[in-house]
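Hi,

Here is the structure I promised to pass on.

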Amino acid sequence: MSTLAEIEAAAEALPAEQKQELIMFLAARLRADAGELPPPREFSREQIEQWIADDEEGYRRFLAGQ
C-alpha cells in the first residue's frame, strides 16, 4: 500500500475492533509527532464571572425572544 486511497480501502475492510486499534495507533503517532503543547491559558476569576454573566444574559434574551 503506497497511497492514501489504498490505505483507506484497507481500513474500510477491517472489522470494527481493528478499526478502533488503528485509530488508537494513529492518535498516538499524532501526539508523538505534535511535540510540546502550549502552556495552559490563565483567566482571572473576574473574567470568568463576566463570561458567565454575559452568557446568562444572552440566554435570558433568547428566552424572551429578542
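A quick definition to start: helices (H or I, at least four residues) and strands (E, at least two) are DSSP runs, numbered from the N terminus. By that count the protein has three helices and zero strands, and the order from the N terminus on is α-α-α. Its radius of gyration (taken over C-alpha atoms) is 23 Å, well over the 11 Å that the globule rule (2.2 Å times the number of residues to the power 0.38) gives for 66 residues, so the protein is more spread out than a compact globule. Along the principal axes, the C-alpha atoms fill a box of roughly 55 × 35 × 20 Å.

Before you dig in, this is a predicted model: local features need pLDDT of at least 70, side-chain atom pairs count only at pLDDT 80 or more, and totals for chains, interfaces and linings use all residues. Residues are numbered from 1 along each chain as its sequence is written, and side-chain values use heavy atoms, with hydrogens and water left out.

On confidence, pLDDT is the predictor's own figure for each residue, from 0 to 100. The mean for the protein is 93, and 98% of its residues reach 70 or more. Confidence is lowest in H2, at a mean of 93, and highest in helix H3 (residues 45-63), at 96.

Now the surface. Buried residues (under 20% relative accessible area; exposed is over 50%, partly exposed in between, with a 1.4 Å probe and protein chains only) make up 2% of the 66 residues. The protein exposes about 6500 Å² (Shrake-Rupley, 1.4 Å probe), with carbon and sulfur atoms supplying 58% of that area.

As for the helices, H2 has 19 residues and reaches 27 Å from its first C-alpha to its last, close to the 27 Å expected at 1.5 Å a residue; the expected span is 1.5 Å times one less than the number of residues. H3 also has 19 residues and reaches 27 Å, close to its expected 27 Å. Gly 35 follows H2 with a positive phi, near 85 degrees, and just after H3, Gly 65 takes a positive phi of about 85 degrees.

From Phe 25 to Glu 36 is eleven residues in sequence and 19 Å in space, C-alpha to C-alpha.

Cheers
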